[in-house]
Amino acid sequence: MQRLITQRHRANTARGELLQLIADGILTPWEALVAAATADDKALLRLTLDQLITASPGIGQARARQVTTQVTRILATTEAHSPTGRVTLAYVLDEQSRGKRLLAVLDAFISHGLIREEGDLPVWTGFPFTPCPVDAKENGQ
């Protein structure tokens with residue numbers, strides 16, 4: 001039982017730390033999504049798009065809902081059709097979608113001003129299903 005409590009505490013801490021990095025302006029919601037995708041921590045994948053977006057200073061629940069609604073509209077589905085009934089990072093990054101969900105999130109983020117410049121997109125060919133190439137890591141991506 002103690003082991004389960006410790007695992008849960010660690011997972012909550014990891015999610016909280018990522019959200020705090022967004023709140024502090026260190027990461028954008030997109031950068032946090034990239035970090036969660038590349039981290040070897042499945043606990044981060046339980047975060048929802050709404051949580052990532054609303055953690056950002058000056059962005060409220062209404063705007064987050066608009067982004068999530070646009071994502072589901074692009075995918076021609078509803079949140080209820082996702083395994084948890086919410087658009088989580090695990091749902092977005094699921095390999096079975098072959099990147100379609102991730103592209104829908106990218107489109108919604110750009111449409112709602114959460115990504116403004118090409119430099120805001122630290123991704124590489126095959127992201128998130130292939131490891132980051134060594135040269136991309138050296139160039140600060």
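Biologist: Does Gln70 count as buried or exposed?

Modeller: This is a predicted model, and the label follows from relative accessibility, where buried means under 20%. Gln70 has 12% relative accessibility, so Gln70 counts as buried.

Biologist: Where does Gln70 lie, and in which helix?

Modeller: Gln70 is part of helix H4, which covers residues 61-74.

Biologist: Leaving aside neighbours within four places in sequence, which residues is Gln70 in contact with?

Modeller: With those neighbours set aside, the contacts of Gln70 are Asp107, Ala108, Ser111 and His112. Phe109 is 39 residues from Gln70 along the chain, and their C-alpha atoms are separated by 9.4 Å.

Biologist: Which residues of the largest nonpolar core touch the most other members?

Modeller: In soluble globular proteins, nonpolar side chains tend to be buried together. Here the largest nonpolar core has 33 residues, and those that touch the most other members are Trp30, Leu33, Leu49, Ile53, Val92, Val105 and Phe109. The elements giving two or more residues to this core are helix H1 (2-23), helix H2 (29-38), helix H3 (49-55), H4, helix H5 (89-92) and helix H6 (100-111).

Biologist: What is Val105 in contact with, leaving aside neighbours within four places in sequence?

Modeller: Apart from those neighbours, Val105 is in contact with Trp30, Leu33, Leu49, Val71 and Val92.

Biologist: Which residues form a nonpolar patch on the surface?

Modeller: Met1, Leu4 and Ile5 form such a patch, and together they have about 370 Å² of accessible area. Ile5 lies in helix H1. Its relative accessibility is 48%, so Ile5 counts as partly exposed.

Methods. Residues are numbered from 1 along each chain as its sequence is written. This is a predicted model: local features need pLDDT of at least 70, side-chain atom pairs count only at pLDDT 80 or more; totals for chains, interfaces and linings use all residues. Side-chain values use heavy atoms; hydrogens and water are left out. Helices (H or I, at least four residues) and strands (E, at least two) are DSSP runs, numbered from the N terminus. Buried means under 20% relative accessible area, exposed over 50%, partly exposed in between (1.4 Å probe, protein chains only). Contact means heavy atoms within 4.5 Å. A nonpolar core is a set of buried Ala, Val, Leu, Ile, Met, Phe, Trp, Tyr and Cys residues joined through side-chain atoms within 4.5 Å. Patches are made of residues with over 30% relative accessible area and no salt bridge: like charges are joined within 9 Å, nonpolar side chains (Val, Leu, Ile, Met, Phe, Trp, Tyr) within 5 Å. Accessible areas come from the Shrake-Rupley method with a 1.4 Å probe; for residues, only the protein chains shown count as cover. A salt bridge is a side-chain nitrogen of Lys or Arg within 4 Å of a carboxyl oxygen of Asp or Glu.
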